[in-house]
Amino acid sequence: MQVRGEGATSPDGQAAAFLADGVYIGELRERMLKFAMLQLSDPQMAEDAVQEALAGALRNARAFAGRSAFRTWVYAILRNKIADQLRHKRRTANLISIPLGTTDDDETSYFDARGHWSVENQPSHWGNPEVDLLGKDFWRVFETCLDHLPPDQGRVFMMREFVELETAEICAEIGITITNLHVLMHRARLRLRNCLEGHWFAPKETTS
Amino acid sequence: MMKCDEATKLASDRLDRGLSVRESLGLRLHLFGCDKCRRFVRQVQTIRSISRHYVETDGTGRSED
């Protein structure tokens, strides 16, 4: 990503074109809000984070030659804002403690009593997916699978893999131990893996 | 010998923390003889790349430029 000095304009004026596109900015804002809500679960804080990120990005927007560079930049700022908000919330408010499920039934079904993969859930071959080439339909499946994670797993997973917070930050924010965090990540990955496999990478024929 | 549930736990942990020598050795030994867990290891790495890609492209998958 190249960021030119302020006041720089794109040689062909391309950059200005998408910024003036109200529909594009509106859609981007919607997606950012959705993303921020997943992390912050507080509409006002999500709104603030998006507002600040978008305003900050727009101030330097003319440096960007195209939409995807701009979007990457906006999201980088948004992730920082979310991390800030989480830290701030931690300092000012009570800890939101996610109760760890007492029953780990969602995990045990992946393995049999001896700790081996249960037949119906063992990993199949995924081919060698090229992440760059995954299309729109895949991303819909991905979002659906994310939505189906239990809330505690989904939140921790996204803080770790989307916002890219360090594990210690996540633990402090949510008020769980590092051991709990690793358990939640393991469960989230098992579940997500299973969902992506069943709905995309190796959909099962009607299981007999 | 380590079981698949423990091996997948360590394979997941490895993405979030360093493993001890003992854990790392145990995991490698298990993976040597278990193709299903080898798949799991590759797939959770794929899931990580997918997640990063998702954030960068904000769910449309491909860049528009």
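Across all chains of this predicted model, 14 aromatic pairs are found. A pair of aromatic rings is described by the distance of the centres and the angle of the planes, and two examples show how such pairs can be read here. In chain A, the rings of A:Phe111 and A:Trp117 form a tilted pair, with 4.8 Å from centre to centre and 45° between the planes. Both of these residues, A:Phe111 and A:Trp117, are buried.

The second example, A:Trp139 with A:Phe142, is edge-to-face, with centres 5.7 Å apart and planes at 90°. A:Trp139 counts as buried because its relative accessibility is 1%, under the 20% cut-off. A:Phe142 is likewise classed as buried, because its relative accessibility is 0%.

A:Trp139 and A:Phe142 also belong to a cluster linked by ring pairs. Its chain A members include A:Phe35, A:Trp126, A:Phe138, A:Phe157, A:Phe162, A:Trp200 and A:Phe201, and B:Tyr54 joins from chain B.

Turning to chain B, helix 2 (residues 21-33) packs against helix 3 (residues 35-57) at an angle of about 115°, and the axes of these helices lie 6 Å apart. On the helix 2 side, the contact is made by B:His30, B:Leu31, B:Phe32 and B:Gly33. Their counterparts in helix 3 are B:Asp35, B:Cys37, B:Arg38 and B:Val41.

How values were computed: Residues are numbered from 1 along each chain as its sequence is written. Chains are lettered from A and ligands numbered from 1 in the order in which they are written. This is a predicted model: local features need pLDDT of at least 70, side-chain atom pairs count only at pLDDT 80 or more; totals for chains, interfaces and linings use all residues. Side-chain values use heavy atoms; hydrogens and water are left out. Axes are lines fitted to C-alpha atoms, for helices over the stretch in contact, and angles run from 0 to 180 degrees between N-to-C directions. Helices (H or I, at least four residues) and strands (E, at least two) are DSSP runs, numbered from the N terminus. Contact means heavy atoms within 4.5 Å. Rings of Phe, Tyr and Trp (its six-membered ring) pair if their centres lie within 6.5 Å; planes under 30 degrees apart count as stacked, over 60 as edge-to-face and the rest as tilted. Buried means under 20% relative accessible area, exposed over 50%, partly exposed in between (1.4 Å probe, protein chains only).
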